Amino acid sequence: MADTTTFAPQIKIPATYMRGGTSKGVFFRLDDLPEVAQQPGAARDKLLLRVIGSPDPYGKHTDGMGGATSSTSKTVILSRSNKADHDVDYLFGQVSIDKPFIDWSGNCGNLTAAVGSFAISNGLVEADQIPENGICTVRIWQANIEKTIVARVPMCNGEVQETGDFELDGVTFPAAEVQVEFMDPAADDGEGSGAMFPTGNVVDSFEVPGLGELQATFINAGIPTIFVNAEAIGYTGTELQGAINEDPQALQMFESLRAHGAVKMGLIDDVAEAGNRQHTPKIAFVAPPQDYMASSGKQIHLTDIDVLVRAMSMGKLHHAMMGTAAVAIAAAAAVPGTLVNLAAGGGDRTSIRFGHPSGTLQVGAEAKQTNGEWTVTKAIMSRSARVLMEGWVRVPGDCF
């Protein structure tokens with residue numbers, strides 16, 4: 001038997017395991033992390049990788065808190081904000097499942113729904129801002145993308161109200177509704193030079209080896225996203241996860257499309273760099289409405305939706321829709337002539353209901369054109385969130 005005295009004991013770190021929208025992740029207060037991990041860098045990444053259980057060559061996250069999917073391999077670090085008119089700083093890390101890598105390049109819109117709740121319950125919001133009953137407005141600084149998000153969190157008897165009758169396709173049980181507003185969601189400098197449409201066009205043609213010339217809408221809103229027509233890549237827009245995630249050739253095709261699109265958007269200089277930027281950009285495909293059966297067995301009728309959208313996240317088809325990609329959908333739908341807008345029937349739109357693998361979701365956006373350039377001032381959606389477990393996570397003391 002090995003001499004166990006040579007191994008560092010486990011340490012415990014205060015943490016909360018939360019669901020937000022159709023995702024879940026491990027939430028930390030910045031001040032609760034070990035001092036060496038309170039700053040960005042290798043020590044922080046190693047710690048969070050160990051918390052989640054990555055990298056895992058078995059693809060299971062058996063020895064960590066992750067769920068071995070892009071929706072469940074997530075970490076969040078929150079702290080009081082030093083920014084004027086903001087309550088909390090929100091930093092999101094998307095943890096790779098099989099590589100020792102955390103992508104800090106984008107936001108998680110789904111977990112945003114849980115940020116306000118955590119901030120209120122963990123003393124990150126001033127007490128005089130929290131009503132005994134009603135709605136608590138939490139202003140969030142999204143540190144990854146340097147954007148403002150407003151969460152409207154229901155309160156009951158001085159506590160966050162988590163239970164309710166709001167149903168969200170992709171989440172099994174109903175809960176309380178949390179409205180989330182993404183303010184001025186187009187990217188800042190460094191992500192397509194600040195333009196919502198980084199190429200200057202609402203539709204572009206670009207060449208992808210093996211696919212030929214494709215039309216695409218490249219948009220920076222919520223998260224950098226590439227929209228293509230489902231038909232152009234051999235799909236209908238009604239696909240569920242198995243149709244793509246169990247097809248290695250399809251996954252390779254989508255990654256090639258994503259890499260070449262990232263170059264076109266100016267996010268990377270060479271397709272070889274795409275592997276170090278797994279979280280962004282997203283790739284999604286759209287189609288006009290038609291009937292389909294959602295993954296839950298629920299029948300979705302073409303009259304229930306305006307457009308079909310399927311999106312890839314961390315190399316796999318998402319089981320529902322990423323919150324940030326939903327912002328991109330809302331923004332693109334609001335601008336006449338984008339592929340999303342055209343698939344939805346064209347025209348001026350301030351809200352849209354789209355079909356995804358788990359069901360439907362309604363989102364809205366306010367778009368305007370100034371001097372020939374489109375901007376979106378706000379995108380709105382409803383989500384829900386709740387605490388699943390709170391206490392401490394434990395990790396070996398020598399893992400970071």
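Is Cys108 buried or exposed? In this predicted model, Cys108 is buried, with a relative accessible area of 4%. Let's start with the cysteines and then walk through the helices and strands.

## Cysteines

If you are wondering about disulfides, a search of the whole structure finds zero of them. Cys136, for instance, takes part in no disulfide, and its nearest cysteine sulfur belongs to Cys156, 14 Å away. A disulfide would need the two sulfur atoms to be within 2.5 Å.

Like Cys108, which is buried at 4% relative accessible area, Cys136 is buried, and its value is 0%. Cys136 counts as buried because its relative accessible area of 0% is under the 20% cut-off.

Strand β3 covers residues 74–80, and six of its seven residues are buried. On one side of the pairing story is strand β2 (residues 23–29), which runs parallel to β3 and is joined to it by four bridges. Within this pair, Val26 has Thr75 of β3 as its bridge partner. To get from β2 to β3, the chain passes through helix α1 (residues 42–52), and this β-α-β crossover is right-handed.

Strand β3 also pairs with strand β4 (residues 88–95): here the strands run antiparallel, with seven bridges between them. Val76 is found opposite Phe92 of β4.

## Helix α1

What does the crossover helix pack against? The buried residues of α1 pack against β1 (10–20), β2, β3, β4, β5 (102–103) and β21 (385–396). The buried residues in this helix are Ala43, Arg44, Leu47, Leu48, Leu49, Val51 and Ile52. If you follow the chain out of α1, you come to Gly53, which has a positive phi near 100 degrees.

Val88 is buried because its relative accessibility is 0%, and buried means under 20%.

Which residues does Val88 touch, leaving aside those up to four places away in sequence? Its contacts include Leu78, Ser79 and Arg80, and strand β3 spans residues 74–80. Val88 also touches Val115 and Ala119, both of which are buried residues of helix α2. Further contacts of Val88 include Ser81, Leu124, Val138, Arg139, Ile140 and Trp141.

## Helix α2

Helix α2 runs over residues 109–121 and bends by about 25 degrees at Val115, one of the residues that Val88 touches. This helix is mostly covered, with twelve of its 13 residues buried. Among the buried ones are Gly109, Asn110, Leu111, Thr112, Gly116, Ser117, Phe118 and Ile120. Just past the end of α2 you will find Gly123, with a positive phi of about 70 degrees.

## Asn245 and its neighbours

Finally, have a look at Asn245 in helix α3 (residues 241–245). A polar atom of the Asn245 side chain lies 2.6 Å from the backbone nitrogen of Leu317. Setting aside residues up to four places away in sequence, Asn245 touches Leu251, Lys316 and Leu317.

Methods. Residues are numbered from 1 along each chain as its sequence is written. This is a predicted model: local features need pLDDT of at least 70, side-chain atom pairs count only at pLDDT 80 or more; totals for chains, interfaces and linings use all residues. Side-chain values use heavy atoms; hydrogens and water are left out. The bend at a residue is the angle between axes fitted to the seven residues ending there and the seven starting there. Helices (H or I, at least four residues) and strands (E, at least two) are DSSP runs, numbered from the N terminus. Buried means under 20% relative accessible area, exposed over 50%, partly exposed in between (1.4 Å probe, protein chains only). A polar contact is a pair of N or O atoms within 3.5 Å; within protein, one must be able to donate a hydrogen and the other to accept it, and residues adjacent in sequence count only if both atoms are side-chain atoms. Contact means heavy atoms within 4.5 Å. Two strands pair if DSSP finds at least two bridges between them. A crossover is right-handed if, with the strands pointing away from the viewer, the path from the first strand over the helix to the second runs clockwise.
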